[in-house]
Amino acid sequence: MRIAVPVKAVPDLVEEIELTSDGTSIDSEYLTFVLNEWDAQALEEALLIKDATGAEVVAIGLADDPEIEQILFTALAKGADAAVKLVGTTVARSLGPTGTTIADRAAMLAEYLAAQPVDLVLTGVQAPDDPDGQLPSRLAALLDLPHVSVVVSVETTGGSLTVRQEFAAGRSQLLQVQMPAVIGVQSARQAPRYTPIARIKQAMQTGVLTEIEVSPPPATNGLVVRRMHGRETTGQAEMLTGSAEEVADQIVGLLRARGLLKG
Amino acid sequence: MVLAEHTGAQVSEGTHELIGKARELAFELGGVSEVVLLGSPALADQLGAADVVVSVEHPALLQYVPEAYELALSEVLAQRSPRLLLMGNATVGLDLAAALSVRWDAPLAAYACRLGFDGTAVTATVQILGGKVFTEVELPGERGIVTVLGGAFSAASESSQSTPEVVHIAPPPRLDALRMSLLEVIAAADDDLDITSAEMLVSVGRGIDSQENLEVVQELADALRVPLSASRPVIDAGWLPKARQVGQSGMKVKPKAYIALGISGAPEHLEGMRNAELIIACNTDAGAPIFAVAHYGTTLDLFDLVPELIGKVRG
C-alpha cells in the first residue's frame, strides 16, 4: 500500500508576525519556517500504519516552500520511504508568506497524484495560513476521491480503511471509507516521533529528494486580499505589573473577591 | 444560505448564529435567507428565523456522513443558486467547504470572524496564524462560501416564529452509491472529570513545554481544589486526557474564573472559554491573542508566577 503525505512549511507561530509596509502581506524575511504541526501529525499517523503493515510512505512538498528540503529530509529520517519536491509555475498570490494559495497547492498535488496514484493521502486537516480553505477536501474534490477530515485515528487492517472523526465536546464517530481516499488528520494516535539530529544529518547526506515538475492551470475563484493587520485593539486585558510575588498577590485578591478561594 | 448542523434532535447553536447573519445580509442585498436541512425534516420547527427551509431526505442522510452531505449540498446549490453559503468552521465545515469550493466553483473564505457587504462586494475578515493576523478579503464573483468561527455572530432572535416555507429537493442518485459508511457514533467518555461543571479552571497550553512540567500547574489546581484543563496542543501531545480539552474540538466552559497559563489564545481555543466570567491570562508574549479576551493579564513567565501563586493560595 502506498501512502502520500503532502507537507507544508508554515511560519513558526512562536515568533512575532510582521506585516509588509503596504499591509497586504506577511513580511517573511525574519520568519522561521517549520513543518505545519497538523502535517507532522499526518506523517506520524502514516508512519504508524507503516510500522503495522509495511506500507510505503512518500512525503511530498512544494519547492517554493521555505525550508522544505529540511522538512523532507526530516521526514526521510523519521522513516518515510521517499520524498518528492514539486516544482511548478503557479501564479503566486499574496495570501500568505509562501505566496502559494491552498487552491494552487491542491492543483499541483492533484496533477502529481493523478499521474502517480496512491491508496491513501494523509495530510494535516488544516494549516495556520489557509484562509482560502483547507487542503484535504479541496484535493479530494479535484481527484474525485472520498475524504474525511478532523480524523484522530486511521487504520487499514484487512485492506479496508477505518477512520475516527472527531466533533466537539468529546463526541466522535467511526467511518469505513473506500480507498483510494484523502484523510485530513487532526492528531495521530501518538505524538509525532522524535528523531535525533544525527539521523536528519545523515538523511541530508544520503537521502534523495525527487524533483517533479507540474504545471496545472492557475486556480480561479480566489480571494482578493484587501489588507492584513494584527489585533487592532490593544487588548482588553488589564495588565498586572510587579514581581511574581506581587502579581500572585493581585491574582489571589481577584479570586478572593469573587469567593473562589476555599478555606 | 446556511447549512444547518444538528444531532438529529437539536439544531446547533452555531446554526442560529449563522441564520442571524444570513438574515442581515439578505436584508442588505435584497434577498432571502435559506437554511439547508439534511435528513431531519422535523427540525424545520426550530428554524423559524429563516425565510425558507430547503429539505433533502434520504436514508443516507439520517446521520452525518461527509460524502452524503457533500452530494446533497451540491445538489441544493445547483438548484437554489444562493449568493452565499455559510457554514461553521468546525468539523462539518472543514469536511465540506473546500470541496464545495471546487464543485460549485466559488471562492471560499475560512476562519471568518466578520462578514459583510460594502455596496459592491462581499467582504470578510478572516483570522489566520493562530489568531495573530486578521486578513480582510473580498469574495469576487456572484457566489461564495464562508466558514465562520463559532461565536462570531449573535444568534437570530426566535421572534419571527412564523413557520418558514419548506422546499423539498429530490436526493441525488449518487446517495445510493456512497464510498463511505458510518460504523459507530461514540459519545464522549465520562470516566474522567467533567470540566464544564467546574466553578474555576486552571488551564495550561503549549507554554508548559513538557509533560514533566505539568506537575507544577497540577499543584496549583490542587491548591485551589479545581480541575486542570488544557488547550489542544497539550491534549494532542497526550499529556492530559481528551476530556480536559477546552476549545472548539473539546469542551466549551463558562466557569466563574479561568486561569490560562501559557495559552496563546488561537480562535479555536477562545471559542471554548471566552464567556468565562473572569479570565486571567499568563503568557510571555505580549501579543498573544488571549489578551484580547482576558480581563487581567501578565507577561510573567508561568514558571515564576505559579510557585508564588501556590504559596499565596496555601496561605
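## Basis of the model

The model is predicted: local features need pLDDT of at least 70, side-chain atom pairs count only at pLDDT 80 or more, and totals for chains, interfaces and linings use all residues. Residues are numbered from 1 along each chain as its sequence is written, while chains are lettered from A and ligands numbered from 1 in the order in which they are written.

## Contact between the chains

On the chain A side 75 residues touch chain B, and on the chain B side 78 residues take part; two residues are in contact if their C-beta atoms, placed from the backbone, lie within 7 Å. The side of chain A that touches chain B has 36 nonpolar, 24 polar and 15 charged residues. Here Ala, Val, Leu, Ile, Met, Phe, Trp, Tyr, Cys and Pro count as nonpolar, Asp, Glu, Lys and Arg as charged, and the others, Gly among them, as polar.

Elements that each supply at least two residues of this side include helix 4 (135-143), strand 7 (147-155), strand 8 (161-166), strand 9 (172-177) and helix 6 (244-257) of chain A. Helix 6 of chain A gives the largest share, nine residues. Helices (H or I, at least four residues) and strands (E, at least two) are DSSP runs, numbered from the N terminus. From the other chain, helix 3 (residues 91-103) of chain B lies across strand 7, strand 8 and strand 10 (181-185) of chain A, at about 125 degrees to strand 7 of chain A.

An open sheet of 10 strands has the order 11(A)-5(A)-4(A)-1(A)-6(A)-10(A)-7(A)-8(A)-9(A)-10(B), with mixed pairing. Two strands pair if DSSP finds at least two bridges between them. Strand 11 (209-214) of chain A and strand 10 of chain B are the edge strands, each pairing on one side only. On average, neighbouring strands of this sheet are turned by 35 degrees against each other, direction ignored.

Strand 9 of chain A and strand 10 (residues 180-186) of chain B run antiparallel and are joined by six bridges.

## A helix pair in chain A

Helix 2 (residues 68-78) and helix 5 (residues 197-206) of chain A pack at about 110 degrees, with axes 8 Å apart. Helix 2 of chain A is therefore roughly perpendicular to helix 5 of chain A, a term for angles of 65 to 115 degrees. Axes are lines fitted to C-alpha atoms, for helices over the stretch in contact, and angles run from 0 to 180 degrees between N-to-C directions.

Helix 2 of chain A contributes A:F73, A:T74, A:L76 and A:A77 to the contact, and helix 5 of chain A contributes A:R199, A:I200, A:A203 and A:M204. By class these are six nonpolar, one polar and one charged residues.

## Domains of chain B

Chain B is assigned domain 1 (2-177) and domain 2 (195-314); the bounds come from an automatic or database domain assignment. The domain centres, taken over C-alpha atoms, are 33 Å apart. Nine residues from domain 1 of chain B and nine residues from domain 2 of chain B make the contact. On the domain 1 side, three are nonpolar, five polar and one charged.

Conventions:
Angles under 35 degrees count as roughly parallel, over 145 as roughly antiparallel, 65 to 115 as roughly perpendicular and the rest as oblique.
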